[in-house]
Amino acid sequence: MGRLLQISKRLLSFKILNRMKMDLPETRGVVLSGTELAKEIRNALTEDVKAMRSKLPKFAPGLSIVQVGGREDSNVYIRMKIKAASEIGIHANHVKLPNTTTETELINHVNKLNDDPNVHGIIVQMPLDSVNKIDSHVITDTVSPAKDVDGLNTINEGRVAIGDMSGFLPCTPNGCIELIKKSGVPISGATAVVLGRSKIVGTPVAELLKWQNATVTVCHSRTKDLPKVVSQADILVVGIGQPEMVKGSWIKPGAVVIDCGINSIPDSTKKSGQRLVGDVAYEEASKVASYITPVPGGVGPMTVAMLMKNTVISALRSAEKLLSSAWSFKALPLKRVEPIPNDITISRSQEPKNIGVLAEEIGLSPSEYSLYGNKKAKISLRVLDRLKSQKNGKYVVKGKSRETSFCISVGSEIMAILALSTSVEDMKNRLANIVVGFSKSGEPLTADDFGATGAMAVLLKDAIEPTLMQSIEGTPVLVHAGPFANIAHGCSSIIADAIGLKLVGSDGFVVTEAGFGSDIGMEKFFDIKCRTSGHVPNAVVLVTTVRALKMHGGGPAVTPGAPLKPQYVTENIDLIKKGLPNLIKHISNGTKFGIPVVVAINSHATDTESELNLIKEAALIAGAFDAVICTHWAKGGEGALELADAVIAATKKPTRDFKLLYNLNTGIEEKINIIAKEMYGAGQVVLVDKVKQKIEEYTKLGYDKLPLCMAKTSNSLTGDAAIKGAPTGFTLEITDIFVSVGAGFVVPMVGEIMRMPGLPTRPSIYDMDWNGETDEIEGLF
């Protein structure tokens, strides 16, 4: 009796040690309800969606389910998915395609959904019920990996295979893992057996178990002595497609059993004559297993729940991009050379990024840009719809001066329209309103009267999309529109600025150009562009140089192509002092609008410290928010760090003081006087007789309510290009006036302004060539 007791104790001790080693519970037959766990998951997802909507009220997760044909079993699954989505707050769209759909047509449909920013998840319901041959693998790979909520795209499958869980996990396998975790039995260190190696269940669930640190064996139709292998499993996942194939005698006592099978077998006791069973003989297995999933009500509901979870995850990622404007941006290093070479040499010394890489860095999705080669791209206006809830960034206008002496008159108004349009419809309305002439009775004749609106819109279809390019250091640059500032408003497009402001987000900065100085470029930027866009600038950067101020101080004339006179390349404090009133006037013009002015003093190698500091001190005394000596032409971004800090500081100043120069209800002549006296320093304005007559006609037609776009030389504050400095009390003569109704402004002509193209004595075309050996354009700079 004593010996039997000792043997019994040893056996009991062995069982306890064995159970501790395998960490298997003593419980038997506990049902792992996928229905209950799926409900918990859906409830949590509902709260996630509510939290998302509290931050972005108009945002909703979007799921598109594409079905080819009309199989009733597919319809049942789709209804389940739509019901679950609706309960969570996901907008589900059922895309029904006929059974005559071809593979190409299906791919096109899927690609449209890939490009739709309101769709965060795409499901292509399988099997594909089409009379045409369609490769299902091609279709699942067509679905964008970022929207592949089924987790069937090869890229997402590959990520799982290498332990990268950043993509979407396949739904049924992920549901299996969640059910195992719900049991409380540790996966790490367990022996797991997966029965079945299908792409949908067996293979991916084995990978997930492996990365959960289980030791995994995958069994299939050719596995020898299958019951023996299965009996080693602490965790058993079955997806073999054979009803009740796995018997209770196969299962290790205390194992966790996940049954992924669903099969119909005859049952005369059921009204339908059939009942559903899994791949495991449930009644037998439940007496041996610690935890087991039922069929139905086990893995099935979890598949749908995981699908919903993936959709919400995808939507949350999109929402995060809307809420956060952080860029994963990488600048390109500069290779600085002394002495500094010409612009074309500098440009060719840098190998730019692929523009698609830059687009991704600044938060654009592939559907939001079109590649023009690999160094330039057009940005779709759809990005504004996606980012409509995004707060704008800081708005800075880098007063850069350009020299030009002519403009192509026939393109000027259309260029201005392109630059001032806020949308496609706005552009079409502006094109329609172009006045091309007047009838004998004095009625304006518009482009729409001649039926030209649609054709012009078609020509501008691609042009309205801003072009994404990059600086030499790889920073994003939007190049869009070029209305000349002497006869038009001289600013880049409203659309480009709007896209930029959304892309950078509330903590970012968009630096936009207003051509020439404050007298024409900045004034038109505020009174025309900002009045139209509604954007309020945060700061003005006024650019000046030692050489420019020496010229305004009475320095000798500068001839293009000729060497600079000694006064410009040697220290001359006296010339700068005489030229400072011009800078002071431009600073004063900026502060009149209530915007802080930062002066950027671009230095050249021949500038002296005394000259630069004199300008800086004068700018600060004149009321500039800050004045910074810059070396970015020589050093790139590094040479403008202090300027950047000054601009950031200036933008922190509230912009509630921003005001426009005049009210639109003010008459044309009075507007001319306000601009001439406030911006230029004129004493009086003289209108020639034909200008007075036109103003009278324009007033009758209601054009007096439009802003003004003064056409004036950029080389002087006056109407005479030869007069430098900052004269006051002079007479400004308005020699002509015309209206650009489409662009939305009236153009008074100040002095002699050339509106037709002209050429220098020796046109630049003589120096241009295409080098066939290097494939480079020569003679541009």
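The charged end of R317 sits over the ring of F168, 5.0 Å from the ring centre. Here, a charge counts as over a ring if NZ of Lys or CZ of Arg is within 6 Å of the ring centre and within 35 degrees of the ring normal.

Before going on, a word on the model: it is predicted, local features need pLDDT of at least 70, side-chain atom pairs count only at pLDDT 80 or more, and totals for chains, interfaces and linings use all residues. Residues are numbered from 1 along each chain as its sequence is written, and side-chain values use heavy atoms, with hydrogens and water left out.

**Helix 26**

Y680 brings us to helix 26, which covers residues 668-680. Helices (H or I, at least four residues) and strands (E, at least two) are DSSP runs, numbered from the N terminus. From first C-alpha to last, the 13 residues of helix 26 reach 17 Å, close to the 18 Å expected; the expected span is 1.5 Å times one less than the number of residues. I668, K671, I672, N673, I675, A676, M679 and Y680 are buried in this helix, where buried means under 20% relative accessible area, exposed over 50%, and partly exposed in between (1.4 Å probe, protein chains only). As background, an α-helix has 3.6 residues a turn, so residues three or four places apart point the same way. The packing partners of these buried residues include helix 19 (518-533), helix 22 (573-591) and helix 27 (689-700), along with strand 23 (684-687), strand 24 (731-740) and strand 25 (745-750); contact means heavy atoms within 4.5 Å. After helix 26 comes G681, with a positive phi near 95°.

**Aromatic pairs**

Rings of Phe, Tyr and Trp (its six-membered ring) pair if their centres lie within 6.5 Å; planes under 30 degrees apart count as stacked, over 60 as edge-to-face and the rest as tilted. By this rule there are four aromatic pairs. F525 and F526 make an edge-to-face pair, because their ring centres are 5.6 Å apart and their planes stand at 70°. F525 is buried at 0% relative accessibility, and F526 is buried with a relative accessible area of 0%. Ring pairs join F525, F526, F593 and F658 into a cluster.

Three strands form an open sheet in the order 3-2-4, with parallel pairing; two strands pair if DSSP finds at least two bridges between them. Strand 3 (91-97) and strand 4 (121-124) are at the edges with a single partner strand each, so one side of each has no neighbour in the sheet. Strand 2 (residues 62-68) pairs with strand 3 over seven bridges in the parallel sense, and G62 has H91 as its bridge partner in strand 3.

**Backbone exceptions**

Most residues other than glycine have a negative phi, and most peptide bonds are trans. The table gathers some exceptions.

| Site | Feature | Value |
|---|---|---|
| M126 to P127 | cis peptide bond | omega near 0° |
| E338 to P339 | cis peptide bond | omega about -5° |
| N213 | positive phi | about 75° |
| E244 | positive phi | about 50° |

P127 lies in the loop between strand 4 and helix 5 (136-142), and P339 in the loop between helix 11 (299-323) and helix 12 (343-348). N213 is in the loop between helix 8 (202-211) and strand 6 (215-219) and is exposed at 51% relative accessibility. E244 belongs to the loop between strand 7 (235-238) and strand 8 (256-259) and is partly exposed, at 26%.
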